[in-house]
Amino acid sequence: MGLAAYGDRHPKKSEDMAMQSEGNGKGLIQLEGVKKVFFTEELETHALSDIHMHVKKGEYLAIAGPSGCGKTTLLSIMGLLDTPTSGNYLLDGEPVADLTASQRARIRNQHIGFIFQAFNLIGDLTVYENVELPLTYRGMPGSERKRRVEEALEKVGMAHRIKHYPSQLSGGQQQRVAVARAIAGEPLMLLADEPTGNLDSKNGGQVMDLLRDLHQEGATICMVTHDPRYAHFAERTINLFDGQVVSEENGEKLRELEEIGF
Ligand SMILES: Nc1ncnc2c1ncn2[C@@H]1O[C@H](COP(=O)(O)OP(=O)(O)O)[C@@H](O)[C@H]1O
Ligand SMILES: [Mg+2]
């Protein structure tokens, strides 16, 4: 049983089932020959061409490459925020092509935690309310929401700021709240698009440490970064160029090379 059950009226039950499913053995995310073309008035932009990639449960993948190479487009497709022009996407073993808009929205809400470069917190909601909002959309009872929000804020070290508004926090603190919002729903995967892009190196480092801790606790993470300092936090890095995967690196190897002075 996978994500196909998402049209039903028992989100809690199907959520548990999906969390327990092991997909089809090929991984949580499977992209097969994915292409994305944007058509604007006179221009055709080939943002992604023939992408094949798999991400296993519990993996930490970095997606690197220069500006404009298709990283955000790839993450948007993985996060069901956008659809491929052609090719197949299987999420937890289920093709997503035939899902309705509301099924896609439900999967995003229940199974995918997003972290953006610009934090994307809601300015007139408190820290607590920002983290709670996706759980409210889910129809989760108040007591369970409270437990999850408090746990998530504790985990990111922001439990002492629940009544603050985003504008009263530093960038690093805002991003930690955004991470809490992403993990509070216990998603199948976290998708982060240049999560350190708006942060100085100290705060960026803290957010990266946090993602590494989450990964060590079992989270599946796909992180876009153009900062080579951070790509090696991941187990595996896929390098994109002009919409194509041009190489792949093993993070373990990179760390070993660094340790012996390369
Ligand atoms: N909505 C869109 N409409 C038209 N072109 C787009 C759109 N989104 C992205 N692109 C183009 O697709 C290419 C890849 O963009 P993007 O995925 O944002 O790259 P990256 O995140 O690596 O900087 C770029 O050439 C960009 O201009
Ligand atoms: Mg981008």
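## Start at a strand pair

Select T237 and look across to strand β10, where E249 is its bridge partner. Helices (H or I, at least four residues) and strands (E, at least two) are DSSP runs, numbered from the N terminus. Before going on, note that this is a predicted model, in which local features need pLDDT of at least 70, side-chain atom pairs count only at pLDDT 80 or more, and totals for chains, interfaces and linings use all residues. Residues are numbered from 1 along each chain as its sequence is written, while chains are lettered from A and ligands numbered from 1 in the order in which they are written.

Now show strand β9 (residues 236-241) together with β10 (residues 244-250): the pair is antiparallel, with six bridges. Strands count as paired if DSSP finds at least two bridges between them. Two residues sit between the strands of this hairpin, and D242 has a positive phi near 50°.

On to strand β3 (residues 60-64), which runs parallel to β9 and is joined to it by four bridges. Click L61 to find one partner: R236 in β9.

## Stop at R236

Leaving out residues up to four places away in sequence, R236 touches E59, L61, E248, N250 and G251. A contact means that the C-beta atoms, placed from the backbone, lie within 7 Å.

Which residues does I63 contact, apart from neighbours within four places in sequence? They are K71, L74, L75, C222, V224, I238 and L240.

## Helix α2 and the ligand

Select α2 (71-78). Six of its eight residues are buried: K71, T73, L74, L75, I77 and M78. After the helix comes L80, with a positive phi near 60°.

Now bring up ligand 1. Around it you'll find F38, T40, T45, A47, G65, S67, G68, C69, G70, K71, T72 and T73; being near means having a C-beta atom, placed from the backbone, within 6 Å. The biggest contribution to this shell is from α2, with three residues, and β2 (44-55) also supplies at least two.

## Last stop: confidence

Color by pLDDT, the predictor's confidence in each residue, from 0 to 100. The chain averages 88, and 86% of the residues score at least 70. Confidence is highest in α2, at a mean of 98, and lowest in helix α1 (residues 11-20), at 41. Over residues 4-24 the pLDDT is below 50, and this stretch has 25 contacts in the model beyond near neighbours in sequence.

Zoom out to finish: the chain has nine helices and ten strands, and 40% of its 262 residues count as buried.

Methods: Two residues are in contact if their C-beta atoms, placed from the backbone, lie within 7 Å. A residue is buried if 20 or more other C-beta atoms lie within 10 Å of its own, exposed if 12 or fewer, and partly exposed in between; C-beta atoms are placed from the backbone.
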